[in-house]
Amino acid sequence: SVSASCVECMPDYFTQQPGIGEQCLNKCSITARNFGEDSCTECPSGNYYDNTLQRTANNSSSWDALRCVPCGKGQYASSDSTAINECTLCRPGTYQPNVGGESCLDCSEGYYQPEFGQDKCELSSISSLTIRPTIRSPTSMPTSMSTVMPTAMPTAKSANDPTATSQSLSPGGIYGVVIGGTVAALIISFVLRFFFCSKKSNRDPNKPH
(Lines give C-alpha, C1' and ligand atoms only; values in the text may rest on other atoms or scores of the structure.)
Protein backbone atom coordinates (compact mmCIF):
# COMPACT_ATOMS: atom_id res chain seq x y z
CA SER A 1 0.00 0.00 0.00
CA VAL A 2 1.05 3.63 -0.52
CA SER A 3 2.08 5.44 2.69
CA ALA A 4 2.64 9.14 3.40
CA SER A 5 6.38 8.73 2.86
CA CYS A 6 6.01 6.88 -0.43
CA VAL A 7 4.70 7.98 -3.78
CA GLU A 8 3.05 5.60 -6.19
CA CYS A 9 4.75 5.17 -9.52
CA MET A 10 3.16 6.79 -12.50
CA PRO A 11 1.10 4.53 -14.76
CA ASP A 12 3.02 1.87 -16.72
CA TYR A 13 5.99 2.12 -14.32
CA PHE A 14 6.82 0.04 -11.29
CA THR A 15 9.60 -0.68 -8.79
CA GLN A 16 11.57 -3.88 -9.15
CA GLN A 17 11.90 -4.36 -5.39
CA PRO A 18 10.56 -2.30 -2.50
CA GLY A 19 13.26 -0.20 -0.81
CA ILE A 20 14.13 3.19 0.56
CA GLY A 21 15.02 5.75 -2.08
CA GLU A 22 14.27 3.42 -5.03
CA GLN A 23 12.90 5.17 -8.09
CA CYS A 24 10.24 3.98 -10.56
CA LEU A 25 12.57 3.15 -13.43
CA ASN A 26 10.99 -0.08 -14.66
CA LYS A 27 8.43 0.24 -17.42
CA CYS A 28 5.80 -2.28 -18.44
CA SER A 29 6.56 -3.96 -21.78
CA ILE A 30 3.51 -4.25 -24.07
CA THR A 31 1.46 -4.31 -20.87
CA ALA A 32 -0.18 -1.63 -18.79
CA ARG A 33 -0.36 -0.66 -15.13
CA ASN A 34 -3.00 1.74 -13.95
CA PHE A 35 -3.08 3.60 -10.69
CA GLY A 36 -3.77 1.33 -7.74
CA GLU A 37 -2.46 -1.80 -9.49
CA ASP A 38 0.55 -3.70 -8.20
CA SER A 39 1.78 -5.16 -11.50
CA CYS A 40 1.65 -4.84 -15.24
CA THR A 41 -1.08 -6.72 -17.06
CA GLU A 42 -1.80 -7.42 -20.69
CA CYS A 43 -4.55 -5.50 -22.41
CA PRO A 44 -7.81 -7.46 -22.30
CA SER A 45 -9.33 -8.87 -25.45
CA GLY A 46 -11.25 -6.28 -27.42
CA ASN A 47 -8.52 -3.68 -26.73
CA TYR A 48 -5.28 -2.71 -28.41
CA TYR A 49 -2.04 -1.53 -26.79
CA ASP A 50 -1.29 2.12 -27.65
CA ASN A 51 2.48 2.18 -28.03
CA THR A 52 2.48 5.80 -29.20
CA LEU A 53 1.20 7.18 -25.89
CA GLN A 54 3.88 9.23 -24.10
CA ARG A 55 3.62 9.62 -20.34
CA THR A 56 6.03 11.85 -18.42
CA ALA A 57 6.53 12.35 -14.75
CA ASN A 58 6.32 16.15 -15.11
CA ASN A 59 3.01 16.07 -17.01
CA SER A 60 0.32 14.39 -14.97
CA SER A 61 -2.32 15.08 -17.64
CA SER A 62 -0.65 12.40 -19.79
CA TRP A 63 -1.43 9.86 -17.11
CA ASP A 64 -5.16 9.99 -17.75
CA ALA A 65 -4.99 8.64 -21.28
CA LEU A 66 -5.70 4.93 -21.69
CA ARG A 67 -2.85 2.66 -22.66
CA CYS A 68 -5.32 -0.12 -23.52
CA VAL A 69 -7.82 1.31 -25.99
CA PRO A 70 -11.10 -0.48 -26.85
CA CYS A 71 -11.51 -1.51 -30.49
CA GLY A 72 -14.00 0.47 -32.52
CA LYS A 73 -16.98 -0.93 -34.38
CA GLY A 74 -16.07 -3.16 -37.29
CA GLN A 75 -12.84 -4.20 -35.53
CA TYR A 76 -11.74 -6.84 -33.04
CA ALA A 77 -8.80 -7.95 -30.90
CA SER A 78 -8.66 -11.52 -29.67
CA SER A 79 -6.94 -12.84 -26.56
CA ASP A 80 -4.55 -14.98 -28.64
CA SER A 81 -2.12 -12.09 -29.18
CA THR A 82 -1.82 -8.47 -28.13
CA ALA A 83 -2.91 -5.96 -30.74
CA ILE A 84 -0.40 -3.12 -31.08
CA ASN A 85 -1.62 0.40 -31.93
CA GLU A 86 -4.65 -0.86 -33.82
CA CYS A 87 -7.24 -3.58 -33.90
CA THR A 88 -7.88 -6.02 -36.71
CA LEU A 89 -10.55 -5.08 -39.24
CA CYS A 90 -13.41 -7.49 -39.80
CA ARG A 91 -13.01 -9.21 -43.15
CA PRO A 92 -15.69 -9.12 -45.89
CA GLY A 93 -18.67 -11.28 -45.02
CA THR A 94 -18.36 -10.43 -41.31
CA TYR A 95 -19.16 -7.47 -39.05
CA GLN A 96 -18.88 -6.24 -35.46
CA PRO A 97 -21.60 -3.85 -34.23
CA ASN A 98 -20.12 -3.19 -30.77
CA VAL A 99 -17.09 -1.41 -29.33
CA GLY A 100 -14.47 -3.68 -27.76
CA GLY A 101 -15.28 -6.73 -29.85
CA GLU A 102 -13.28 -9.92 -29.35
CA SER A 103 -14.23 -11.36 -32.75
CA CYS A 104 -16.37 -10.65 -35.81
CA LEU A 105 -19.78 -12.08 -36.58
CA ASP A 106 -20.75 -13.75 -39.83
CA CYS A 107 -23.47 -12.14 -41.93
CA SER A 108 -26.81 -13.91 -41.67
CA GLU A 109 -28.34 -15.71 -44.63
CA GLY A 110 -29.70 -13.22 -47.14
CA TYR A 111 -27.22 -10.51 -46.06
CA TYR A 112 -23.74 -9.63 -47.35
CA GLN A 113 -20.83 -7.29 -46.66
CA PRO A 114 -18.15 -6.86 -49.37
CA GLU A 115 -15.86 -4.47 -47.44
CA PHE A 116 -13.46 -4.60 -44.50
CA GLY A 117 -14.13 -3.06 -41.08
CA GLN A 118 -17.91 -2.79 -41.18
CA ASP A 119 -20.38 -2.79 -38.27
CA LYS A 120 -23.34 -4.27 -40.14
CA CYS A 121 -24.33 -6.35 -43.15
CA GLU A 122 -26.48 -5.25 -46.05
CA LEU A 123 -29.66 -6.93 -47.23
CA SER A 124 -29.06 -8.80 -50.47
CA SER A 125 -31.37 -7.67 -53.28
CA ILE A 126 -31.57 -11.24 -54.59
CA SER A 127 -32.95 -12.52 -51.29
CA SER A 128 -36.01 -10.28 -51.66
CA LEU A 129 -37.06 -12.10 -54.84
CA THR A 130 -38.85 -15.07 -53.37
CA ILE A 131 -40.25 -17.45 -55.96
CA ARG A 132 -43.69 -18.62 -54.93
CA PRO A 133 -46.35 -20.62 -56.80
CA THR A 134 -49.10 -18.54 -58.37
CA ILE A 135 -52.39 -18.89 -56.50
CA ARG A 136 -55.45 -17.79 -58.42
CA SER A 137 -58.52 -16.46 -56.72
CA PRO A 138 -61.92 -18.01 -57.51
CA THR A 139 -62.89 -14.92 -59.54
CA SER A 140 -59.88 -15.34 -61.82
CA MET A 141 -60.32 -19.04 -62.52
CA PRO A 142 -60.60 -19.94 -66.24
CA THR A 143 -64.13 -20.39 -67.60
CA SER A 144 -63.29 -23.43 -69.73
CA MET A 145 -60.99 -26.39 -69.38
CA SER A 146 -59.30 -25.59 -72.66
CA THR A 147 -57.63 -22.56 -71.10
CA VAL A 148 -56.03 -24.67 -68.39
CA MET A 149 -54.80 -27.43 -70.66
CA PRO A 150 -51.09 -27.14 -71.54
CA THR A 151 -50.55 -25.75 -75.00
CA ALA A 152 -47.99 -28.44 -75.77
CA MET A 153 -50.37 -31.33 -75.01
CA PRO A 154 -51.62 -33.02 -78.26
CA THR A 155 -55.38 -33.10 -78.76
CA ALA A 156 -57.29 -36.23 -79.82
CA LYS A 157 -58.46 -36.34 -83.44
CA SER A 158 -60.90 -38.65 -85.13
CA ALA A 159 -59.90 -41.10 -87.85
CA ASN A 160 -61.89 -39.11 -90.43
CA ASP A 161 -60.24 -35.82 -89.59
CA PRO A 162 -58.06 -34.92 -92.62
CA THR A 163 -55.90 -32.67 -90.46
CA ALA A 164 -54.91 -35.60 -88.25
CA THR A 165 -51.23 -36.44 -88.47
CA SER A 166 -49.04 -39.18 -87.17
CA GLN A 167 -46.89 -36.68 -85.24
CA SER A 168 -48.02 -37.99 -81.89
CA LEU A 169 -47.99 -41.68 -82.94
CA SER A 170 -45.28 -44.08 -81.90
CA PRO A 171 -43.31 -46.11 -84.51
CA GLY A 172 -45.51 -49.14 -83.79
CA GLY A 173 -48.61 -47.03 -84.34
CA ILE A 174 -47.26 -45.74 -87.66
CA TYR A 175 -46.65 -49.29 -88.92
CA GLY A 176 -50.17 -50.25 -87.87
CA VAL A 177 -51.61 -47.33 -89.83
CA VAL A 178 -49.60 -48.25 -92.91
CA ILE A 179 -50.62 -51.93 -92.75
CA GLY A 180 -54.23 -51.02 -92.06
CA GLY A 181 -54.24 -48.60 -94.98
CA THR A 182 -52.80 -51.27 -97.30
CA VAL A 183 -55.42 -53.82 -96.27
CA ALA A 184 -58.17 -51.25 -96.71
CA ALA A 185 -56.88 -50.40 -100.19
CA LEU A 186 -56.89 -54.10 -101.18
CA ILE A 187 -60.45 -54.54 -99.92
CA ILE A 188 -61.65 -51.45 -101.77
CA SER A 189 -59.89 -52.64 -104.93
CA PHE A 190 -61.55 -56.06 -104.63
CA VAL A 191 -65.00 -54.51 -104.06
CA LEU A 192 -64.64 -52.19 -107.05
CA ARG A 193 -63.48 -55.04 -109.26
CA PHE A 194 -66.43 -57.19 -108.19
CA PHE A 195 -68.79 -54.28 -108.78
CA PHE A 196 -67.57 -53.63 -112.32
CA CYS A 197 -67.67 -57.34 -113.19
CA SER A 198 -71.25 -57.61 -111.94
CA LYS A 199 -72.28 -54.55 -113.85
CA LYS A 200 -70.70 -55.83 -117.04
CA SER A 201 -72.40 -59.24 -116.74
CA ASN A 202 -75.79 -57.56 -116.29
CA ARG A 203 -75.36 -55.70 -119.58
CA ASP A 204 -74.49 -58.90 -121.53
CA PRO A 205 -76.42 -61.77 -119.96
CA ASN A 206 -75.64 -64.19 -122.82
CA LYS A 207 -71.90 -63.71 -122.46
CA PRO A 208 -70.35 -66.11 -120.11
CA HIS A 209 -68.49 -64.73 -117.18
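Is arginine 33 buried or exposed? At 2% relative accessibility, arginine 33 counts as buried, because the cut-off for buried is under 20%. Keep in mind that you're looking at a predicted model. Here's a quick tour, starting with that arginine and moving on through the disulfides, the salt bridge, the core and sheet, and one glutamine.

**Arginine 33**

- You'll find arginine 33 in the loop between β2 (26–27) and β3 (47–49).
- Its side chain reaches over to the backbone oxygen of cysteine 9, at 2.5 Å.
- If you skip the neighbours within four places in sequence, arginine 33 is in contact with a whole list of residues, including Glu8, Cys9, Met10, Pro11, Asp12, Tyr13 and Phe14.
- That list also includes Cys28, Asp38, Ser39 and Cys40.

**Disulfides**

- A quick reminder: a disulfide is a covalent bond between the sulfur atoms of two cysteines.
- How many disulfides does the structure hold? It holds five, and among them are the links described below.
- Let's begin with cysteine 71 and cysteine 87, which are joined by a disulfide with an S to S distance of 1.8 Å.
- Cysteine 71 sits in the loop between β4 (68–70) and β5 (75–76), while cysteine 87 sits in the loop between β6 (83–84) and β7 (88–89), so this pair ties together parts that are 16 residues apart in sequence.
- The torsion about the S-S bond of cysteine 71 and cysteine 87 is about -85 degrees, so this disulfide is left-handed.
- Cysteine 71 and cysteine 87 are both buried.
- Next up is the disulfide between cysteine 90 and cysteine 104, with S to S at 1.9 Å.
- Cysteine 90 belongs to the loop between β7 and β8 (94–95) and cysteine 104 to the loop between β8 and β9 (105–106), so the link ties together parts 14 residues apart in sequence.
- The link of cysteine 90 and cysteine 104 is left-handed, with -85 degrees about the S-S bond.
- Cysteine 90 has a relative accessible area of 0%, so it counts as buried.
- Then there's the pair of cysteine 107 and cysteine 121, whose sulfur atoms are 1.9 Å apart in a disulfide.
- This pair links distant parts of the chain, 14 residues apart: cysteine 107 is in the loop between β9 and β10 (111–112), and cysteine 121 is in the loop between β10 and β11 (122–123).
- With a torsion of about -75 degrees about the S-S bond, the disulfide of cysteine 107 and cysteine 121 is left-handed.
- Cysteine 107 counts as buried at 17% relative accessibility, and cysteine 121 is buried as well, at 15%.

**The salt bridge**

- Side chains of opposite charge can pair when their charged atoms come close.
- The structure holds one salt bridge.
- Which residue forms a salt bridge with aspartate 12? The partner is arginine 67, and the closest N and O atoms are 2.7 Å apart.
- Aspartate 12 lies in the segment before β1 (13–14) and arginine 67 lies in the loop between β3 and β4, so the pair ties together parts 55 residues apart in sequence.
- Both aspartate 12 and arginine 67 are buried.

**Core and sheet**

- In soluble globular proteins, nonpolar side chains tend to be buried together.
- Here, the largest nonpolar core has six residues: Tyr48, Val69, Cys71, Ala77, Ala83 and Cys87.
- Leaving out residues up to four places away in sequence, tyrosine 48 touches Cys43, Arg67, Cys68, Val69, Pro70, Ala83, Asn85, Glu86 and Cys87.
- Three strands make up an open sheet with mixed pairing, in the order β4-β3-β6.
- β4 and β6 are the edge strands, each pairing on one side only.
- Three bridges connect β3 and β4, which pair in the antiparallel sense.
- Tyrosine 49 stands opposite cysteine 68 in β4.

**Glutamine 75**

- Glutamine 75 is part of strand β5, and at 24% relative accessibility it counts as partly exposed.
- Its C-alpha atom is separated by 7.9 Å from that of tyrosine 95, which is 20 residues apart from glutamine 75 along the chain.
- Not counting residues up to four places away in sequence, glutamine 75 touches Cys87, Thr88, Leu89, Cys90, Gln96 and Gly101.

How values were computed. Residues numbered from 1 in each chain as written. Predicted model: local features only at pLDDT ≥ 70, side-chain atom pairs only at ≥ 80, totals over all residues. Heavy atoms only, no water. Helix = DSSP H or I, 4+ residues; strand = E, 2+ residues; numbered from the N terminus. Buried < 20%, exposed > 50% of the residue type's maximum accessible area, 1.4 Å probe, protein only. Polar contact = N/O pair within 3.5 Å; in protein donor to acceptor, adjacent residues only side chain to side chain. Contact = heavy atoms within 4.5 Å. Disulfide = S-S within 2.5 Å. Core = buried A, V, L, I, M, F, W, Y, C linked by side-chain atoms within 4.5 Å. Pairing = 2+ DSSP bridges. Salt bridge = Lys/Arg side-chain N within 4 Å of Asp/Glu carboxyl O.
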